[in-house]
Amino acid sequence: MGWLFYTDRRVQTYADEKAEIARLCTFGGERRKTELVKACKVGSTWYAAARVTNLDGTPVEDATYVTDPDGSITFGAVFLTRYDDGSWGYKDMEESAGPNESRAPLGLIELLSDLKDPDSYAQDWRQRCRDWASIPDYQEGDKIRLATPVTLTDGSTCQIVTATHYRRGRQKRRCYRIEETGGLVRLSKASLAGSELLSSAKGAASPVLAEFLAERN
């Protein structure tokens, strides 16, 4: 399915977007109904968990999903979104279609029904979401070793860096100090996948704190 844009510009805010995602995930027929369970926006992408139930209360039978104890199934959906000349548009994909965007929060993934095929596109998508969520969120002063060296714009590489920040106006932005040169570099979250914490800023500060407390005693 391609992109669909709302030329009437009725979607303009975050709240408008969330309400529209809820509407798109809510529909019913003669036998079943689908309703939104949870929706989360990461960047410009919306991730949704939608539950399907039979109106007569019987368990939902599905070729892709294992029926939950309450008789329903819950599947994941991805909505790519963007604005074009003020008009909001989206492109939606069900998780079994193998969407590329895979940054759904773990809290949403945990709501989804089990999959019957362990080698399905949906299983791969869920694992990529888990892998993304497992990337550490380093603190100021943490020294880390990247899983693989990162090549910089000047052709040099770096692998051991320390989390720090710089200021741009009133904003504080995360960057990393290169161990070998002392220079600063911005790193994407993806480049931190598989990285290793060499020393913690909190741990490194503890001897100083211990010495301070010893002097007071």
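Glu179 and Lys143 form a salt bridge, with their closest N and O atoms 3.5 Å apart; the term means a side-chain nitrogen of Lys or Arg within 4 Å of a carboxyl oxygen of Asp or Glu. Because Glu179 lies in the loop between strand E9 (171–178) and strand E10 (184–185), and Lys143 in strand E7 (residues 143–151), the pair ties together parts 36 residues apart in sequence. Glu179 is partly exposed at 42% relative accessible area, and Lys143 is partly exposed at 26% (buried is under 20%, exposed over 50%, partly exposed in between, with a 1.4 Å probe and protein chains only).

## Basis of the model

This is a predicted model, in which local features need pLDDT of at least 70 and side-chain atom pairs count only at pLDDT 80 or more, while totals for chains, interfaces and linings use all residues. Residues are numbered from 1 along each chain as its sequence is written, and side-chain values use heavy atoms, leaving out hydrogens and water.

## Other salt bridges

The structure holds eight salt bridges. One of them joins Glu20 and Arg23 at 2.6 Å, N to O. These two residues are three apart in helix H1 (residues 14–24), about one helical turn; helices (H or I, at least four residues) and strands (E, at least two) are DSSP runs numbered from the N terminus. Glu20 is buried at 7% relative accessibility, whereas Arg23 is partly exposed at 47%.

## The open sheet

Six strands form an open antiparallel sheet in the order E1-E6-E5-E4-E3-E2, where pairing requires at least two DSSP bridges between two strands. Strands E1 (4–6) and E2 (27–28) are the edges, each pairing on one side only.
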